[in-house]
Amino acid sequence: METVVVIVGAGPSGLATAACLNLHSIPNLILEREDCYASLWHKRTYDRLGLHLAKEFCCLPLKSIPPDAPTFMPKDYFLRYLDAYVSEFNINPLYHRSVESVVYDDVGKKWRIEAKNTMKGSTVEVYTSEFLVVASGENSEGHIPSIPGLDSFPGEILHSQHYKSGSRYKSKDVLVVGCGNSGMEIAYDLSDHGTCTSIVVRSPFHVLTKDLVHRGMSLLNYLPVYMVDILITMLAKLEYGHLSSYGIHKPEKGPFANKIATGRSAVIDVGTIKKIQNGEIEVVPAGISSINKNNVLFENGTEKRFDAIVFATGYRSTANEWLKDYKYALNDDGMPKNSFPEHWKGERGLYCAGFSRRGLAGVSADATAIANDINEVMIMSGGKKTN
């Protein structure tokens, strides 16, 4: 099958790119390995998850969030928004297509995509396109670090993508590894369900409320980053006090400057900090040295027994495993080789959407830029007439 644009991945990035291409009347198709769009949201999120950012920062291109939506949308509400988005823009991904190999044909000047149709056993389908959009995302596969003795642990080991609820861990000792938003919220959920919860905190991070993040992001439209950081940091201090005595330290840069410099967001508190301050959640300010059956030895010399370990240790891109000619847009880690804000555009008609580490706002910006660029290339090459 031949088309103008092939998009790999039917997450928000792929859906947004397809909608923008449809606006330009550019033929495209989405190949998705799962049986639904937005599979990460449908299948790999915990029950209490909601959007951490206000709704005005979470809409996809061409469709705003309904005005009656809550400021901070729960997962189910956002999924209903995606349902309406797919319907309105007539997006029809091809499901059960696991992309196995993608190469660029220098002779034909086309991308050749081989995808296994998992509904038909080992049947391999071949697609060709002038443009290719990698929209499989930076969250393709959960990462669990290599730890000496981890294979000896007899309890449950799971990545945060498989965590659903703390109800099944009541009265058990559970260790959460990772102190980003997922790790902190999972620690809260576990504690809320009567679990004896500990969390590993190694890196410095900012802690803000949802309202402080909302206020800060709105102020960035009018004030420079350093001024917003000063104000929001002061308000956070009034809210939480000094957290260093609890093993939580701040980075040198302010929350928004640090996000720009490192890509790491502030932790948006859902009640975890109060539980830490009350002693309901124990902070372990050291990494794991080794594991011996149920006993976990930490780098500060302490040792504790656990029944389960939840790794909220992030994800990695797997695009390089199937995109053989990734060099035209990606580095060896499967991330854009060009720095922001030029990260989305590669060579030979190769693009990547949803890799900016700037949430759904970044997804929208990528999709819009990609569709506009493809449209301009087609007009310049004579492949498309202007209106």
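I take buried to mean under 20% relative accessible area, exposed to mean over 50%, and partly exposed to mean in between. The model I am reading is predicted.

Entry on salt bridges. I searched the whole structure and found 17 salt bridges. I then looked up a few of them.

I looked at Asp192 and Lys275, whose side chains meet in a salt bridge at 3.7 Å, N to O. Asp192 belongs to helix α4 (residues 181–192) and Lys275 to helix α8 (residues 272–277), so this pair ties together parts that are 83 residues apart in sequence. For Asp192 I noted a relative accessible area of 46%, so Asp192 is partly exposed. Lys275, at 9%, is buried.

I next took Arg316 and Glu321, which meet through their side chains in a salt bridge of 2.9 Å, N to O. Arg316 is partly exposed at 35%, and Glu321 is partly exposed at 46%.

Lys337 and Glu347 form a salt bridge, with their closest N and O atoms 3.1 Å apart. Both lie in the loop between α9 (319–322) and β18 (350–352), and the pair ties together parts 10 residues apart in sequence. Lys337 is partly exposed at 38%, as is Glu347 at 36%. I also found Lys337 and Glu347 linked with Asp106 and Arg348 in a network of salt bridges.

Entry on helix packing. I checked helix α1 (residues 12–23) against helix α10 (residues 359–381): their axes come within 8 Å and cross at roughly 35°. The crossing of α1 and α10 is right-handed. Among the residues that meet are Pro12, Ala16 and Leu21 in α1, and Leu360, Ala367 and Ile374 in α10. I noted that the residues of this contact divide into 10 nonpolar, three polar and no charged.

Methods. Residues numbered from 1 in each chain as written. Predicted model: local features only at pLDDT ≥ 70, side-chain atom pairs only at ≥ 80, totals over all residues. Heavy atoms only, no water. Axes fitted to C-alpha atoms, helices over the stretch in contact; angles between N-to-C directions. Helix = DSSP H or I, 4+ residues; strand = E, 2+ residues; numbered from the N terminus. Left-handed = near helix turned anticlockwise from the far one by under 90°. Contact = heavy atoms within 4.5 Å. Nonpolar A, V, L, I, M, F, W, Y, C, P; charged D, E, K, R; others polar. Salt bridge = Lys/Arg side-chain N within 4 Å of Asp/Glu carboxyl O. Buried < 20%, exposed > 50% of the residue type's maximum accessible area, 1.4 Å probe, protein only.
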